[in-house]
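Okay, thanks for making the time, everyone.

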Amino acid sequence: MTTNGSTPGATLTKDTAPEDGKPIVELRGAGKSYGNVRALHGVSLAVSPSRVTCVLGDNGAGKSTLIKIISGLHQHTEGEFLVDGEPVHFTTPREALDKGIATVYQDLATVPLMPVWRNFFLGSEMTKGPWPVRRLDIARMKKTADEELRAMGIVLDDLDQPIGTLSGGQRQSVAIARAVYFGARVLILDEPTAALGVKQSGVVLKYIAAARDRGLGVIFITHNPHHAYMVGDHFSVLRLGTMELSASRDEVSLEELTNHMAGGAELAALKHELAQVRGVDVDELPEEEDLTAPVAAAPEETS
Ligand SMILES: Nc1ncnc2c1ncn2[C@@H]1O[C@H](COP(=O)(O)OP(=O)(O)OP(=O)(O)O)[C@@H](O)[C@H]1O
Ligand SMILES: [Mg+2]
């Protein structure tokens, strides 16, 4: 495990890669500036097959910027971005997709009134018959969608129902199964559980694990350390655009991860401030030591 300020980029990736498999996607000291705004700086990350890499961070931490670089929407302005060991500079999401990097956005690009099977094939419909009288091969699309969803353990009563009638968790699951079917090697999920309740979140977490078991490298973006810890193999915490923690599962406990997300030192300062405010009983709040507890080795001071 490494913490911000202690170890520069390259060694972080050693932690994130499993011993045997080579990472599919790797960032080495990567960063991105939007004009004068430095949204991301010195971030290293490796995404390997059959592993779930969780990227955690508060609002504005740089999570979306990170996935925009990997999914080809934006280009990094510092460091390296490698796919299969080769440096890349994607200029469109199509190029990322061609390398097997698929992104499922929270607002899901689905057409709510269209049936489930139709959404499954949206933009890549199966056709039959000779040109120029090619027609949609509805029967084959329905059958394939059904088989693929079942293979992921997703059982829907009726694939003809409009996708808008499914629950949020089910819709995310269909999007995951779709990415798997269309040959994704890396699946990026941008806060897939953010708008969901406990039960629905569980549904999505289950399919994240299913995608991993089918050999995909999954990047799971979330605010929620509990969700991350349920399926994650590696945890990267971003804060103000830099990586403040990069640890594999055996190096960090859920409590430690939660502390990192909560910003232990900031909470301690807030507690101190609250003590000045009449009516707030700070003794009821957790001890500062609990909030600032270091993770394994104490994080060193950052500049
Ligand atoms: N297109 C842009 N132009 C200028 N600044 C940007 C742009 N996109 C993001 N930023 C800035 O970069 C920083 C990181 O933003 P980013 O959207 O990556 O954070 P995030 O972790 O995804 O946050 P959230 O949890 O709110 O989605 C923020 O300070 C944001 O204002
Ligand atoms: Mg975001």
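So, let me start with a question: which element gives the most to the shell around ligand 1? That would be H2, with three residues. And before I go on, please keep in mind that this is a predicted model.

Let's stay with the ligand for a moment. The residues around ligand 1 are Tyr34, Val37, Ala39, Gly57, Asn59, Gly60, Ala61, Gly62, Lys63, Ser64 and Thr65. If you ask which elements put in two or more of those, you get S3 and helix H2, which spans 63-70. Sorted by class, the shell has four nonpolar residues, six polar ones and one charged one.

Now, H2 itself. Seven of its eight residues are buried, so this helix is largely enclosed by the rest of the structure. The buried ones are Lys63, Thr65, Leu66, Ile67, Lys68, Ile69 and Ile70. After H2 comes Gly72, and its phi is positive, near 85°.

Okay, on to the sheet that S3 belongs to. Four strands make an open sheet, and the order is S3-S2-S5-S6, with antiparallel pairing. Strand S3, residues 37-47, and strand S6, residues 86-87, are at the edges with a single partner strand each, so each has one side without a neighbour in the sheet.

Going across it pair by pair: S2, residues 25-34, pairs with S3 in the antiparallel sense over seven bridges. If you want a landmark there, Leu27 is opposite Leu45 in S3. These two strands form a hairpin with two residues between them, and in that hairpin Gly35 has a positive phi near 60°. On to the next pair: S2 is joined to strand S5, residues 78-83, by five bridges, and these two run antiparallel as well. The landmark here is Glu26, which is opposite Leu82 in S5.

Zooming out a bit. The protein has 11 helices and 13 strands. Of its 303 residues, 40% are buried. For contacts with a separation of 6 or more, 70% are between residues 24 or more positions apart.

What about the core? The largest nonpolar core has 65 residues, and the members that touch the most others are Val186, Leu187 and Ile219. Take Val186: leaving out residues up to four places away in sequence, it touches Ile24, Val25, Val47, Gly100, Ile101, Leu216, Gly217 and Ile219.

Pro132 is in the loop between S8 and strand S9, which is 135-136.

Ser50 has one of about 60°, and Ser50 is located in the loop between S3 and strand S4, 51-57. Ser50 is partly exposed, with 15 other C-beta atoms within 10 Å. Leu240 also has a positive phi, near 45°. Leu240 is in the loop between strand S12, 234-239, and S13, and it counts as partly exposed with 16 C-beta neighbours inside 10 Å.

Asp250 is in the loop between strand S13, 242-248, and helix H9, 254-262. Asp250 and Asp233 are 17 residues apart along the chain, and their C-alpha atoms are separated by 8.5 Å.

Last bit, confidence. The mean pLDDT is 82, and 80% of the residues reach 70 or more.

Over to you for questions.

Note on methods
Residues numbered from 1 in each chain as written. Chains lettered and ligands numbered in written order. Predicted model: local features only at pLDDT ≥ 70, side-chain atom pairs only at ≥ 80, totals over all residues. Pairing = 2+ DSSP bridges. Buried ≥ 20, exposed ≤ 12 C-beta atoms within 10 Å, placed from the backbone. Contact = placed C-beta atoms within 7 Å. Core = buried A, V, L, I, M, F, W, Y, C linked by C-beta atoms within 7 Å. Near = placed C-beta within 6 Å. Nonpolar A, V, L, I, M, F, W, Y, C, P; charged D, E, K, R; others polar. pLDDT = per-residue confidence, 0-100.
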